[in-house]
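Dear colleague,

I am handing over the structure below, and after it I set out what was found in it. Please read the notes with the coordinates open beside them.

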Amino acid sequence: MKDLEIKLIEPIVKAVKAIFGVDFPVNQINFQTTRKEFDGDITLVVFPVVRFSKKSPEQTAEDLGEYLVREVQFVEAYNVLKGFLNLVISDSYWLESYASAYQKSDYGFVKTDDSAPLTIVEYSSPNTNKPLHLGHIRNNLLGYSVAEIIKASGTRVKKVQIINDRGIHICKSMLAWKKFGQGETPESSGLKGDHLVGKYYVRFDQEYKKEISNLLVEGKTEEEAKKEAPILKEAQQMLRAWESKDEEVVDLWTRMNQWVYSGFDTTYTRLGVDFDANYYESETYLLGKKYVDIGLEKGVFYQKEDGSVWVDLTDEKLDHKLLLRGDGTAVYMTQDIGTAIQRHLDFDFNKMVYTVGNEQDYHFNVLFKVLSRLGYSWAKDCRHLSYGMVDLPSGKMKSREGTVVDADDLMEEMVTTAKSISEELGKLDGFDEEQLASVYETIGLGALKYFILKVDPKKRMVFNPSESIDFNGHTGPFIQYTHARICSLQRRAESSGIVLKPESELHPKEKELLKVILCYPDIIQEAAKDCSPAVLANYTYDLVKEYNQFYQQVPIFGTQSEDDKAFRIGLSSMVGKVISSSMCLLGITVPERM
RNA sequence: GGGCUAGUAGCUCAGCUGGAUAGAGCACCUCCCUUCUAAGGAGGCGGUCGCAGGUUCGAAUCCUGCCUGGCUCACCA
């Protein structure tokens with residue numbers, strides 16, 4: 001569609017010049033796709049021209065329409081409604097565009113080579129004290145998909161995660177395991193490693209709460225009790241031991257983290273996400289300090305009497321922000337400064353995208369400003385892909401309190417539902433066990449992923465576990481189903497179809513489909529620019545709806561003309577290709593039968 | 001209190017760089033499987049686009065104020 005607009009701009013400017021004798025600024029040209037109820041393909045909004053033409057909107061539109069039909073070969077007809085000039089574009093224009101799209105192997109993608117710019121996409125970034133939950137699923141799906149979309153838009157991409165493998169929260173599950181675990185391991189318990197560790201994280205919190213209430217009985221205030229609970233102090237002691245590389249603590253830490261990593265691997269694999277590089281907080285948390293010192297020398301930061309280092313961002317309408325504690329230890333911001341700079345050294349990236357929840361909007365705002373004050377010009381090319389939290393109807397999910405929707409459980413549940421629906425419909429005769437399992441997996445995860453990705457990342461979403469995710473309507477399975485149906489057509493067809501339609505006119509539904517197909521490259525660019533898989537998800541839904549109408553209204557094998565038949569088979573397979581391609585960018589696979 | 005962000009049908013969401021009568025899905029009610037997969041299609045019901053002003057030929061979309069929700073403003077990460 002963009003192509004078409006570009007081709008029309010010059011004739012329109014010429015037309016205004018020829019008819020009204022004035023130069024019309026190109027940036028004021030305003031197109032929109034013609035609404036379905038009107039005749040035409042593309043509409044020029046003529047109000048902006050009226051100021052130059054000094055005639056009524058209707059007369060201006062008439063004059064322009066008449067000129068364009070006469071001068072532009074592919075403009076076949078026009079009609080005017082109020083200030084809108086609807087142009088009818090010839091079938092041959094659509095068919096030619098379609099033919100060139102059809103022949104491309106990676107239709108819609110911009111090819112990259114080593115000279116293409118590089119974008120780093122960070123996502124997931126889990127803590128190693130508990131398993132992944134629904135919030136992580138949104139993060140992972142978004143990060144993975146945005147990375148794939150950016151790649152398709154013509155940029156090299158590296159996916160990275162930073163693993164938050166150190167800190168007091170890690171020590172909490174370590175301590176609880178040490179005290180109450182009695183040597184339990186994933187092998188001995190049959191529990192997935194991350195779930196086992198998470199169990200002790202919850203256990204810690206229970207013990208901690210118990211101790212607090214005991215202290216309250218002893219007459220402490222709540223604040224005192226929270227600070228003085230023995231188990232917390234023990235955890236803090238453990239953290240200090242870890243930082244001074246106490247062998248026993250480090251061994252336990254290594255051992256338990258390994259359990260978690262192997263658990264995460266299982267979850268990542270099933271979710272279908274991957275990473276090109278991992279960063280570990282335990283290795284990077286000290287990196288930022290030297291840059292803070294440099295900033296201090298440069299005079300862009302300042303030091304307080306107690307030795308703490310700050311940056312003054314009040315002239316940017318932000319506050320003063322701590323960068324280094326009085327005792328010289330790092331805070332979150334220090335680490336992030338260090339990792340960002342390290343990544344630029346590692347990859348020399350052109351852009352970096354952080355997939356992190358919107359609760360950290362302020363943090364990233366500050367981070368980018370600090371980097372830019374340190375003189376890193378690439379700071380302006382860093383972007384926080386901020387997404388809304390996933391809440392339950394009962395409110396926020398809290399790992400410590402066990403009110404989370406676990407990632408592994410949720411995936412399993414979706415696949416089970418897919419299985420029972422499929423069995424009820426009974427269309428999978430002749431599949432062996434392995435094939436069946438794979439189809440259920442595809443559908444169950446497709447439903448889950450589409451459900452999450454179709455909504456605008458920045459919006460908060462509510463997930464109600466008791467109302468299961470739909471498999472009908474605007475859903476992943478709906479799109480997958482259409483793909484399966486197209487595959488079924490192809491199995492039946494002897495030839496793979498042809499592209500051109502020599503004689504007869506395009507059926508209105510064929511034309512609509514062509515137009516939607518031709519938007520695909522623009523949609524990829526738009527989704528990449530906005531970091532929004534939702535744009536792509538909604539586009540795919542529109543395409544599929546359009547195809548289903550075509551499928552219902554237009555006979556394929558039942559048609560008289562062999563040319564029509566071949567054309568429609570080709571058109572169907574093209575739709576199938578676009579579905580499969582766009583769903584792949586969302587991390588969703590599509591089945592050949594379902 | 002300051003900052004950021006959202007508020008569109010009973011529910012879940014599109015549309016937001018201003019354009020024609022605000023679109024889908026779910027739910028509810030009708031139809032359509034001797035044409036290619038009914039996880040589909042056709043139709044009906046359902047809206048003061050949070051409220052009030054403003055800018056404009058034209059506002060769900062831009063501006064201002066207000067209301068409501070979420071996040072944030074830590075020597076936590």
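The lining of the second largest pocket draws on two domains, with at least three residues coming from each of domain 1 (2–89) and domain 4 (407–585). Please bear in mind throughout that this is a predicted model. The space in this second largest pocket comes to about 860 Å³, and of the 27 residues that line the pocket, those closest to its centre are T34, K36, K511, E512 and K515. Two elements, α19 (508–518) and α21, each give two or more residues to that lining, and α21 gives the most, with six residues. Sorted by class, the lining of the second largest pocket holds 13 charged residues, 10 nonpolar ones and four polar ones.

K515, which is among the residues closest to the centre of that pocket, also takes part in a salt bridge with D41, in which the closest N and O atoms are 2.8 Å apart. This pair links distant parts of the chain, since D41 sits in the loop between β1 (31–33) and β2 while K515 belongs to helix α19, and the two are 474 residues apart. As background, side chains of opposite charge can pair when their charged atoms come close. Over the whole structure, the search finds 37 salt bridges.

A phosphate oxygen is 2.8 Å from an N or O atom in the side chain of S488, a sugar or linking oxygen lies 3.3 Å from a polar side-chain atom of N548, and a base oxygen is 3.3 Å from a polar backbone atom of A484. The elements that give two or more residues to the surface near RNA strand B are β2 (42–45), β4 (84–89), α15 (361–373), α16 (407–425), α18 (476–492) and α21 (533–553), and it is α18 that gives the most, with eight residues.

With best regards

Conventions
Residues numbered from 1 in each chain as written. Chains lettered and ligands numbered in written order. Predicted model: local features only at pLDDT ≥ 70, side-chain atom pairs only at ≥ 80, totals over all residues. Heavy atoms only, no water. Polar contact = N/O pair within 3.5 Å; in protein donor to acceptor, adjacent residues only side chain to side chain. Helix = DSSP H or I, 4+ residues; strand = E, 2+ residues; numbered from the N terminus. 1 Å grid on protein atoms, 1.4 Å probe; cavity = no way out; pocket = protein on both sides within 12 Å on 5 of 7 lines; lining within 4 Å. Points joined across faces, edges and corners; volume = space filled by probe spheres on them. Nonpolar A, V, L, I, M, F, W, Y, C, P; charged D, E, K, R; others polar. Domains from an automatic or database assignment. Salt bridge = Lys/Arg side-chain N within 4 Å of Asp/Glu carboxyl O.
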